Structure formats: structure tokens, C-alpha cells
Amino acid sequence: MTPETEKYFRDLNDMFRSDGWKILINDIQTSANSVNSVEGTKDEQDLFFRKGQLAVMANILNLETQVAAAQEQAEQEDQDEDF
């Protein structure tokens, strides 16, 4: 792994451990629960807007898992290169 890639993962992992990240994730989870309801949907456009909101929220909520998987893959590739 290059030094830039190592720094990238280190910086993201530092962010994931911060109180601010935990607050953001909690707020997004709460918002996702209210957005993920068709009861408040006014029309078809609103439904598609909510769908977009949920997609963005899901990306943020899954970011930590995605980064962990990418980091694990990068580390595995480094180990494979050593053999």
C-alpha cells in the first residue's frame, strides 16, 4: 500500500472514531426512519425524491463498512505481493 493510501485509510478511521461521526450517523439513522415512510409522500415526485434521499443516507451509513472492506482488500493485496 502506498503512503498516500495508508494515510487515506488512517484519516477515515480517525473520523469514524470521532464523536462527531457517531452523532452524524445517529442523526442520519433517525432521519432515514422518517424519510422511509410512504405515509407522508405527497406525489410521485416526492416518492422519487425520498428514494434519492434514502440512497444518499444508505451510502453514508455504510461508508465505514465499505472503507473497512477496501482496507482489508488492500492489505490482502499487499500480502499477496510479498509472496
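## A buried ring and its partner

F9 is buried, at 6% relative accessibility. Buried means under 20% relative accessible area, exposed means over 50%, and partly exposed lies in between (1.4 Å probe, protein chains only). The whole structure, a predicted model, holds two aromatic pairs. One of them joins Y8 and F9, with 5.4 Å centre to centre and 70° between the planes, which is edge-to-face. Rings of Phe, Tyr and Trp (its six-membered ring) pair if their centres lie within 6.5 Å; planes under 30 degrees apart count as stacked, over 60 as edge-to-face and the rest as tilted. Y8 is partly exposed, with a relative accessible area of 48%.

## Model and confidence

This is a predicted model, in which local features need pLDDT of at least 70 and side-chain atom pairs count only at pLDDT 80 or more, while totals for chains, interfaces and linings use all residues. Residues are numbered from 1 along each chain as its sequence is written, and side-chain values use heavy atoms, with hydrogens and water left out.

The average pLDDT of the protein is 93, and 98% of the residues score at least 70. pLDDT is the predictor's confidence in each residue, from 0 to 100. Helix α1 (residues 3-16) has the highest mean among the elements, 97. Helix α3 (residues 44-82) has the lowest, 93. Helices (H or I, at least four residues) and strands (E, at least two) are DSSP runs, numbered from the N terminus. Where pLDDT is low, the predicted coordinates should not be read in detail.

## The nonpolar core

Which residues make up the largest nonpolar core? There are seven: F9, L12, F16, W21, I25, V67 and A74. Helices α1, α2 and α3 each supply at least two residues of this core. The largest share, three residues, comes from α1. A nonpolar core is a set of buried Ala, Val, Leu, Ile, Met, Phe, Trp, Tyr and Cys residues joined through side-chain atoms within 4.5 Å.

W21 belongs to this core. Leaving aside neighbours within four places in sequence, W21 is in contact with M15, F16, I60, L63 and E64. Contact means heavy atoms within 4.5 Å.

## Salt bridges

Side chains of opposite charge can pair when their charged atoms come close. How many salt bridges are there? The count is three. A salt bridge is a side-chain nitrogen of Lys or Arg within 4 Å of a carboxyl oxygen of Asp or Glu.

One joins D11 and K7, at 2.6 Å from N to O. D11 and K7 are four residues apart in helix α1, so about one helical turn separates them. D11 is partly exposed at 36% relative accessibility. K7 is partly exposed too, with a relative accessible area of 42%. Another bridge links R17 and D14, at 2.6 Å from N to O. R17 is exposed at 55% relative accessibility, whereas D14 is partly exposed at 39%.

R50 and D46 form a salt bridge as well, with their closest N and O atoms 3.3 Å apart. Both residues lie in helix α3, four residues apart, about one turn of the helix. Are R50 and D46 buried or exposed? Both are buried. The relative accessible area of R50 is 16%.

R50 lies in helix α3. Not counting residues up to four places away in sequence, R50 touches S34, V35, S37, G40 and T41. T41 sits in the loop between α2 (19-35) and α3. The side chains of T41 and R50 are joined by a polar contact of 3.4 Å. A polar contact is a pair of N or O atoms within 3.5 Å; within protein, one must be able to donate a hydrogen and the other to accept it, and residues adjacent in sequence count only if both atoms are side-chain atoms.

T41 also touches D46 and L47, with residues up to four places away in sequence not counted. D46 is the salt-bridge partner of R50.

## The start of the chain

T2 lies in the segment before α1. T2 is partly exposed, with a relative accessible area of 39%. A polar contact of 2.8 Å joins the side chains of T2 and T5.

T2 and D80 are 78 residues apart along the chain, and their C-alpha atoms are separated by 15 Å. K7 and I60 are 53 residues apart in sequence and 20 Å apart in space, C-alpha to C-alpha.
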